[in-house]
Amino acid sequence: MKKIYFVLYFLIILTLSSGCNSKLSSPQNPLGDKSKAAKEIGEEVMSCLKSGDAVSLKAMFCDELKNSDDFDAKIDEVMGFIDGEIISYENNGGSGGREETWEKLRPELTNIETDTGKYYYIYMSVYIKNENSDKLGMHMFQINMLGDEDENGDRMILDGNRVTLYVK
């Protein structure tokens with residue numbers, strides 16, 4: 001009898017929790033609002049890179065990175081890293097994570113193709129909540145050059161061909 005009550009209790013909890021989550025997710029947006037927010041950040045980054053707008057890109061970073069000694073040089077490196085004009089890319093939205101003192105989004109841009117035939121991948125991490133307000137905003141940005149397609153049609157990150165901005 002206890003087993004039946006346990007199963008019923010478990011099913012009620014599962015039903016209630018999935019009902020709450022159903023407002024946040026859908027087949028078109030399975031990660032809910034976090035995925036949508038990550039996708040929007042990805043679009044903003046791509047807009048900056050495509051137009052060469054370093055000022056707007058800089059504004060997306062957390063104060064701790066913006067106040068570092070080599071920040072402007074790193075932004076210049078990012079802006080010059082992509083060879084050619086961006087002609088296509090995939091914005092995969094992303095994921096998120098949270099702990100007691102922080103919450104973040106992880107936007108992801110893949111298969112960034114340029115008119116020179118080069119491909120790139122961008123990974124970011126953006127604090128949307130943090131007990132340290134200087135870390136709010138993008139605290140990690142990495143742009144990687146991708147190699148040729150393998151037998152599965154995948155492009156791998158080329159070692160040593162990346163620019164990274166990061167603060168813990």
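Select K74 first: in this predicted model, K74 is partly exposed, with a relative accessible area of 23%. Where do E77 and K74 sit relative to each other in helix α5? They are three residues apart, so about one helical turn separates them.

**Stop 1**

Select K66 and D63 next. Their side chains meet in a salt bridge, with 3.6 Å from N to O. Both belong to helix α4, which covers residues 63-66, and because they are three residues apart there, about one helical turn lies between them. K66 is partly exposed, with a relative accessible area of 30%, and D63 is partly exposed too, with 34%.

Then select D72 and K58. This salt bridge has an N to O distance of 2.9 Å. The pair links distant parts of the chain: D72 is in helix α5 (residues 71-81), K58 is in helix α3 (residues 54-59), and the two are 14 residues apart. D72 is partly exposed, with a relative accessible area of 45%. K58 is partly exposed as well, with 24%.

**Stop 2**

Which residues of α5 are buried? They are F71, I75, V78 and F81. Turn the view until you look down the axis of α5: the buried residues fall within an arc of 125 degrees, so they line one face of the helix.

Now select D76 and G80. These exposed residues are on the face of α5 turned away from its buried side.

To see what covers the buried side, show the neighbouring elements. The buried residues of α5 pack against helices α2 (33-51), α3 and α4, and against strands β3 (119-130), β4 (137-149) and β5 (155-166).

**Stop 1: aromatic rings**

The model has four aromatic pairs. In one of them, the ring centres of F81 and Y120 are 5.8 Å apart and the ring planes are at 70 degrees, so the pair is edge-to-face. F81 is in helix α5 and Y120 is in strand β3, 39 residues apart, so to speak of the pair is to speak of a link between distant parts of the chain. Both F81 and Y120 are buried.

Move to W102 and Y127. Their ring centres are 5.9 Å apart and their planes are at 65 degrees, so this pair is edge-to-face. W102 is in strand β2 and Y127 is in strand β3, 25 residues apart, and the pair links distant parts of the chain. Are W102 and Y127 buried or exposed? Both are buried.

Finish this stop by selecting F61, F71 and F141, which ring pairs link into a cluster.

**Stop 2: T114**

Select T114, in strand β2 (residues 102-114). T114 counts as buried because its relative accessibility is 1%, and buried means under 20%. Its side chain makes a polar contact with the side chain of T116, at 2.8 Å. What else is T114 in contact with, leaving aside its neighbours within four places in sequence? The list is I82, D83, G84, E85, I86, I87 and Y120. Y120 is the residue whose ring pairs with that of F81.

**Stop 3: the whole chain**

Along the sequence the pattern is α-α-α-α-α-β-β-β-β-β.

Of the 168 residues, 36% count as buried.

Technical notes. Residues are numbered from 1 along each chain as its sequence is written. This is a predicted model: local features need pLDDT of at least 70, side-chain atom pairs count only at pLDDT 80 or more; totals for chains, interfaces and linings use all residues. Side-chain values use heavy atoms; hydrogens and water are left out. A salt bridge is a side-chain nitrogen of Lys or Arg within 4 Å of a carboxyl oxygen of Asp or Glu. Helices (H or I, at least four residues) and strands (E, at least two) are DSSP runs, numbered from the N terminus. Buried means under 20% relative accessible area, exposed over 50%, partly exposed in between (1.4 Å probe, protein chains only). The arc is that of the directions from the helix axis to the C-beta atoms. Contact means heavy atoms within 4.5 Å. A polar contact is a pair of N or O atoms within 3.5 Å; within protein, one must be able to donate a hydrogen and the other to accept it, and residues adjacent in sequence count only if both atoms are side-chain atoms. Rings of Phe, Tyr and Trp (its six-membered ring) pair if their centres lie within 6.5 Å; planes under 30 degrees apart count as stacked, over 60 as edge-to-face and the rest as tilted.
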